[in-house]
Amino acid sequence: MKPEISVPREYCHDNVIELDHISFAYQNQKVISDFSFVVKERDFVGLIGSNGAGKTTLMRMMVGLLQPNSGEIKLFGQPIRQFRDWERVGYVPQKNSFNPLFPATVREVVLSGLYSNKKLFRRIGAAEQKKCNDALEVMKISDLANKRIGQLSGGQQQRVFLARAMINHPDLLVLDEPTVGIDAQTQADFFELICHLHAHHQMTFLMVSHDLDFIHGYMGVEPRAHCGAIGLYVRHSHDPECVIPDLQHSLL
Ligand SMILES: Nc1ncnc2c1ncn2[C@@H]1O[C@H](COP(=O)(O)OP(=O)(O)OP(=O)(O)O)[C@@H](O)[C@H]1O
């Protein structure tokens, strides 16, 4: 039997997001100034900051929707401009809502998550339907599958957006204020679900939230870094010392 090897946390997880001296401005308004930060596999990064601090701007850069004016961003070790593996990333933007007349069903909206806008639409077969059913089940909305999305409540719609983001089993889930407008019980259920996914499914999370109780309760009260007025709080899901063999570690 191989001896157990103690691997310090910094070395035993790959980088998921690397921000290297990035800056960003809208016209003349500087929002992000020379910010560097690394998110590792199985980190849960919570971003807290006042309105207008630049949280959404930062998230949009990390999922390739905005380009920094200077500096470099890497996703899963690749420069973001060359990154094509968008199935590995689930993104739930802020303030999703559908017009009540929007004709798509819940199932159609969730299935649309299979195809990022950078990929051509492919035929939906049994395998795709199975993935969709799984995502609906995880978010406990199977019973809503054939309803029109516009006719659901805000909290139900939010679950649909999460199911859509999860359909590809992403390695990284990016959530921008995912519980805004959701009732307390649904919020609690949602936080329980993402904590479970973080703790047991090796997922990496990046989440903007104004829910200080959740962020401080799960990630502690000391931010690991600041980006201007944004505090970044981090919790790693794995044992800090990672005292297990490498192979076993990657299979856990
Ligand atoms: N498309 C845009 N064009 C010009 N300025 C913008 C644009 N989007 C955001 N801003 C400005 O950039 C700053 C940061 O905005 P951002 O949405 O990133 O903040 P935030 O921290 O996410 O705020 P909130 O908590 O209100 O969601 C704000 O001053 C905002 O007015």
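A residue counts as near a molecule or strand when its C-beta atom, placed from the backbone, lies within 6 Å of it. With that in hand, here's a tour of a predicted model, where local features need pLDDT of at least 70, side-chain atom pairs count only at pLDDT 80 or more, and totals for chains, interfaces and linings use all residues. Residues are numbered from 1 along each chain as its sequence is written. Helices (H or I, at least four residues) and strands (E, at least two) are DSSP runs, numbered from the N terminus.

**Around the ligand**

- The shell around the ligand is made of Tyr 26, Gln 29, Val 31, Gly 49, Asn 51, Gly 52, Ala 53, Gly 54, Lys 55, Thr 56 and Thr 57.
- Strand E2 (29-40) and helix H2 (55-62) are the elements that give two or more residues to this shell.
- H2 gives the most, with three residues.
- By residue type, the shell splits into three nonpolar, seven polar and one charged; here Ala, Val, Leu, Ile, Met, Phe, Trp, Tyr, Cys and Pro count as nonpolar, Asp, Glu, Lys and Arg as charged, and the others, Gly among them, as polar.

**The four-stranded sheet**

- Four strands make an open sheet in the order E2-E1-E4-E5, with antiparallel pairing; two strands pair if DSSP finds at least two bridges between them.
- E2 and strand E5 (78-79) are at the edges with a single partner strand each, so one side of each is left without a neighbour in the sheet.
- H2 packs on this sheet, touching E1, E2 and E4, and its direction makes about 125 degrees with that of E1. Contact between two residues means C-beta atoms, placed from the backbone, within 7 Å; axes are lines fitted to C-alpha atoms, for helices over the stretch in contact, and angles run from 0 to 180 degrees between N-to-C directions.
- Strand E1 (residues 15-26) runs antiparallel to E2 over eight bridges, and Glu 18 has Val 38 in E2 as its bridge partner.
- The E1 and E2 hairpin has two residues between the strands, and Gln 27 in the turn has a positive phi of about 45 degrees.
- E1 also pairs with strand E4 (residues 70-75), antiparallel over five bridges; Ser 23 is bridged to Ser 70 in E4.
- E4 and E5 run antiparallel and are joined by two bridges, with Lys 74 partnered by Pro 79 in E5.

**The six-stranded sheet**

- Six strands form an open sheet of mixed pairing, in the order E6-E7-E8-E3-E10-E9.
- Its edge strands are strand E6 (89-92) and strand E9 (225-227), each of which pairs on one side only.
- Neighbouring strands of this sheet are turned by 15 degrees against each other on average, direction ignored.
- E9 pairs with strand E10 (residues 230-236) in the antiparallel sense over three bridges, and His 226 stands opposite Gly 231 in E10.
- H2 packs on this sheet too, touching strand E3 (43-48), strand E7 (172-176), strand E8 (204-208), E9 and E10; the direction of H2 makes about 150 degrees with that of E8.
- Helix H5 (residues 154-166) packs on the sheet as well, touching E6 and E7, and its direction makes about 165 degrees with that of E6.

- H2 is mostly covered, with six of its eight residues buried. A residue is buried if 20 or more other C-beta atoms lie within 10 Å of its own, exposed if 12 or fewer, and partly exposed in between, with C-beta atoms placed from the backbone.
- The buried ones in H2 are Lys 55, Thr 57, Leu 58, Met 59, Met 61 and Met 62.
- Gly 64 follows H2 and has a positive phi, near 80 degrees.
- Met 203 sits in the loop between helix H6 (184-200) and E8.
- Met 203 counts as buried because 22 other C-beta atoms lie within 10 Å.
- Setting aside neighbours within four places in sequence, Met 203 is in contact with Asp 171, Leu 173, Leu 197 and His 198.

- pLDDT is the predictor's confidence in each residue, from 0 to 100; the chain averages 84, and 84% of the residues score at least 70.
- Confidence is lowest in helix H8 (residues 246-251), at a mean of 44, and highest in E4, at 97.
- Residues 1-7 stay under 50 in pLDDT, and the model has ten contacts for them beyond four places in sequence.
- For the complex, the predictor gives an ipTM of 0.97 and a pTM of 0.84.
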